[in-house]
Amino acid sequence: MKKLLPLLIAPLLFIYTASAEPVNCVYIPEHNKYICDNATPTPTVTPVPTVTPTATATASATPTPVLPTATPTIAPTAVSTRPLPARSPDGTYYITQTGIYSGTATCGNIGAGAHCVHIWNSNGVVLQDFNITSAQGYGLQFDNNVTIKRGTITAPLGASGHHKINTTFDTVVFDVSTVALQYIGSGCEASNPRPNLNATVRNSTFLNDSGHELLYMKCAQDVTIEGNQFKPNSDWAVSLPDGVNVTIRRNAFDLTSEPGNWLGIELPKVANALVTENSAIGPAGDWLVWTCCGTTGLSVHSNTVGGGMGTLCCILPPTTGTAGLQNHIYSAYE
């Protein structure tokens with residue numbers, strides 16, 4: 001045992017010496033350790049940030065087309081139509097609120113100067129798809145900013161308004177005794193603008209039994225009368241005294257009723273009127289247009305007349321051509 005003891009101790013001393021006294025070692029301060037030949041350091045791995053590469057377009061790259069975004073279709077909001085108000089105790093009907101109205105109104109003996117239906121609202125009323133019948137008086141009293149369309153008025157007198165603006169009558173049948181449609185004016189001959197302003201009458205039918213005129217507009221400005229049918233039994237069909245900026249086009253005048261009827265359009269003291277593309281039929285002695293009393297800026301052309309009637313009266317002498325026209329008449333052609 002004593003002989004074996006030195007042999008057992010020697011390796012232990014060698015192991016201790018090797019671990020305590022490194023050979024060929026380098027001290028690494030940041031790791032606070034020695035790196036020796038007989039040791040492999042554990043490398044410190046620094047994380048590398050991940051970079052997302054940005055795509056670089058090349059000259060040969062085909063761009064992706066951008067398709068337009070479809071615009072959604074928006075359905076229009078339906079506007080409800082109101083029935084005519086109930087008949088009032090006086091036997092007539094009153095529209096006093098803005099809106100769209102339709103229905104049937106029937107009036108009896110309401111008085112010779114009364115109206116069966118009253119529009120007493122200037123903020124925008126539409127009366128459409130209607131039927132008004134009255135035994136007496138007028139069928140309709142209209143206000144400012146109204147549209148009257150697709151209806152029938154049967155009464156001794158048709159519709160009337162006094163000094164009204166922004167009015168339209170479209171596709172209305174007037175079957176009356178005397179005057180079908182009246183724009184009434186008073187003390188307005190020198191007013192500027194005229195009090196009956198911006199009036200349109202189109203695509204309507206005018207019938208009467210007697211009287212002076214079917215359509216009467218006193219002191220009216222910016223007027224369009226187009227696409228209507230006039231069959232008067234009165235003296236004349238249309239009268240526009242003291243009017244300004246009037247267009248009468250593409251209307252049909254049937255002046256064959258005799259003996260009283262003799263004239264389609266009366267234009268006394270009118271400034272700037274165009275009468276064009278109208279057709280008229282009537283016997284000799286009837287006229288499409290009659291003018292007097294200082295009318296200025298009148299142009300009458302491209303109208304068609306038949307049955308022996310003339311185009312323009314009453315410049316002296318009466319004429320259907322351009323001869324004999326005074327300076328205030330621009331042109332007149334048969």
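Trainee: Why is Cys 219 called buried?
Mentor: Cys 219 has a relative accessible area of 0%. Buried means under 20%, exposed means over 50%, and partly exposed is what falls in between (1.4 Å probe, protein chains only). At 0%, Cys 219 therefore goes in the buried class. Bear in mind that this is a predicted model, where local features need pLDDT of at least 70, side-chain atom pairs count only at pLDDT 80 or more, and totals for chains, interfaces and linings use all residues. Residues are numbered from 1 along each chain as its sequence is written, and side-chain values use heavy atoms, with hydrogens and water left out.

Trainee: And what makes Cys 188 and Cys 219 a disulfide?
Mentor: The rule asks for a pair of cysteine sulfur atoms within 2.5 Å. Here the S to S distance is 2.0 Å, so the pair passes. Cys 188 is buried too, at 2% relative accessibility.

Trainee: How do you know the handedness of the Cys 188 and Cys 219 disulfide?
Mentor: Look at the torsion about the S-S bond: it is about 85 degrees, so this disulfide is right-handed.

Trainee: How many disulfides does the rule give?
Mentor: Three. Another one joins Cys 107 to Cys 116, S to S 2.1 Å, and with 80 degrees about the S-S bond that link is right-handed. Cys 107 comes in at 5% relative accessibility, so buried, and Cys 116 at 0%, buried as well.

Trainee: What makes Cys 292 and Cys 293 count as a disulfide?
Mentor: Their sulfurs sit 2.2 Å apart. The link is left-handed, with -60 degrees about the S-S bond.

Trainee: Why is Asp 129 called partly exposed?
Mentor: Its relative accessibility is 41%, so it lands in the middle class. Asp 129 belongs to strand β7 (residues 125-134), and its phi is near 50 degrees, a positive value in a residue other than glycine.

Trainee: What about Asn 198, buried or partly exposed?
Mentor: Partly exposed, at 35%. Asn 198 is in strand β13, with phi near 60 degrees, positive again in a residue other than glycine.

Trainee: How do you know which peptide bond into Pro 193 we have, cis or trans?
Mentor: Check omega: from Asn 192 to Pro 193 it is near 0 degrees, and the bond is cis. Pro 193 lies in the loop between β12 (181-184) and β13 (196-202). Glu 258 and Pro 259 are also joined by a cis peptide bond, with omega about 10 degrees.

Notes:
Helix = DSSP H or I, 4+ residues; strand = E, 2+ residues; numbered from the N terminus.
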